[in-house]
Amino acid sequence: MGKKIFSGVQPTGNLHLGNYLGAIKNFVELSNDQENECVFCVVDLHAITVKQDPQVLRNNIRETVATFIASGIDPKKNIIFNQSKVSAHSEAAWIFSCVARMGWLNRMTQFKEKAGKDKEKASIGLFSYPVLMAADILLYDATHVPVGDDQKQHLELCRDIGQKFNNDFEVENFFKIPEPLIQKQFSRIMSLKDGTKKMSKSELSDLSRINLTDLKEDIVNKIKKAKTDTLPMPNTNEELDNRPEAKNLIGIYSSVSNVNLDETIAKFSGKNFSEFKEDLSQVLVDKIIPISNEIKKLKKDNIFLDKILKDGCDKANEIASKKMKKIHEIVGF
Ligand code: AMP
Ligand code: TRP
């Protein structure tokens, strides 16, 4: 049987290799299976949990759509839309904020990381962020949610909220309890400058990440400068245990070229890092440059991108508003 897929990406710029390998690559594969129904959301309401410049946000929403399409998601067969235009998301988030418990949210590690030392100054939205994420997923009866490893805890919270609503209102199976789809390997791509930190949009140094809009020379330069250690290329998987940078680069090679880790290790064993890095740059250039070129081409056509969002919003609204109507009845509005 086909799956109902829902996932979201924040339009906060600098979409990178971690987003691609951890999430978008998986979206494309799932959307190529004719049996699946897929909804991909540009989560602009999530983006404003931290301050955004309106003009930059507008641009990033379109760039995220362009990235989806350039990566291989067909907008005719899949729903692509932005969250703010389907008001059921905000509404369901409020209702779920009355279902979720403070204790559950207090355990969320992403909030702790993002809020940093000064939690008093973080927005309330940043704290309740996972409640809105639950609304996104549950409104569409999604059965499977492809995400990177960092979203695992939020998915568990979503399942808890769906389950509690079903129990509290005695509506068994009203909300489908979704399964996360997290790749077993390479679900967490690390910074090129520090193998213990996640590759991230917000890291100040651009050398820490490969952006999906990078030019060939950027990719080659970033891989050349990527941190490694002084040991030779490993001969076995176990040798990677205490070598986070080497592990990350070999993982990236494997994921981009679709070969398993052992094969990659065998291929480069005994060689030196510079040789490996040359090959890694090449597979990255072959994968990323066509996407990068396509993003740039699509970005010139705002009318086209806006039309995709408009069509997607119409379809998403139809699904979400029906579910919302039932939620109203159940809650007693
Ligand atoms: P975001 O940009 O935070 O909206 O993330 C979009 C998707 O990319 C989510 O499914 C994340 O889990 C995934 N993602 C973000 N950073 C990484 C990373 N460094 N490695 C793997 N997946 C990631
Ligand atoms: N929180 C996710 C992230 O930062 C983005 C997101 C929002 C999402 N709503 C979602 C992902 C629903 C999957 C399903 O990456």
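I start with ligand 2, where an oxygen atom is 3.2 Å from an N or O atom in the side chain of Gln10. That is a polar contact, meaning a pair of N or O atoms within 3.5 Å; within protein, one must be able to donate a hydrogen and the other to accept it, and residues adjacent in sequence count only if both atoms are side-chain atoms.

Some ground rules. This is a predicted model, in which local features need pLDDT of at least 70 and side-chain atom pairs count only at pLDDT 80 or more, while totals for chains, interfaces and linings use all residues. Residues are numbered from 1 along each chain as its sequence is written, chains are lettered from A and ligands numbered from 1 in the order in which they are written, and side-chain values use heavy atoms, with hydrogens and water left out.

Back to ligand 2. In the side chain of Tyr129, an N or O atom is 2.7 Å from an oxygen atom of the ligand. For Asp136, a side-chain N or O atom is 2.7 Å from a nitrogen atom of ligand 2. Taken alone, ligand 2 exposes 370 Å², and the protein buries 91% of that (Shrake-Rupley method, 1.4 Å probe; for residues, only the protein chains shown count as cover).

Around ligand 2 there are 13 residues, and the closest are Gln10, Tyr129, Met133, Asp136 and Gln151; near means a heavy atom within 4 Å. By class, seven are nonpolar, five polar and one charged (Ala, Val, Leu, Ile, Met, Phe, Trp, Tyr, Cys and Pro are nonpolar; Asp, Glu, Lys and Arg charged; the others, Gly among them, polar). β1 (4-9) and α7 (124-139) each supply at least two of the shell residues, and α7 gives the most, with four. Helices (H or I, at least four residues) and strands (E, at least two) are DSSP runs, numbered from the N terminus.

Now ligand 1. It has 17 residues around it, with Gln10, Gly148, Asp150, Ile189 and Lys201 coming nearest. Which helix provides the largest share of this shell? Helix α1 (residues 17-31) does, with four residues. The shell holds five nonpolar, eight polar and four charged residues.

Taken alone, ligand 1 exposes 490 Å², of which the protein buries 93%.

Last, the rings. There are 16 aromatic pairs, counting Phe, Tyr and Trp (its six-membered ring) with centres within 6.5 Å; planes under 30 degrees apart are stacked, over 60 edge-to-face, the rest tilted. Phe27 and Phe68 form an edge-to-face pair, 6.1 Å centre to centre with 65° between the planes. This pair links distant parts of the chain, 41 residues apart: Phe27 in helix α1 and Phe68 in helix α3 (residues 54-71).
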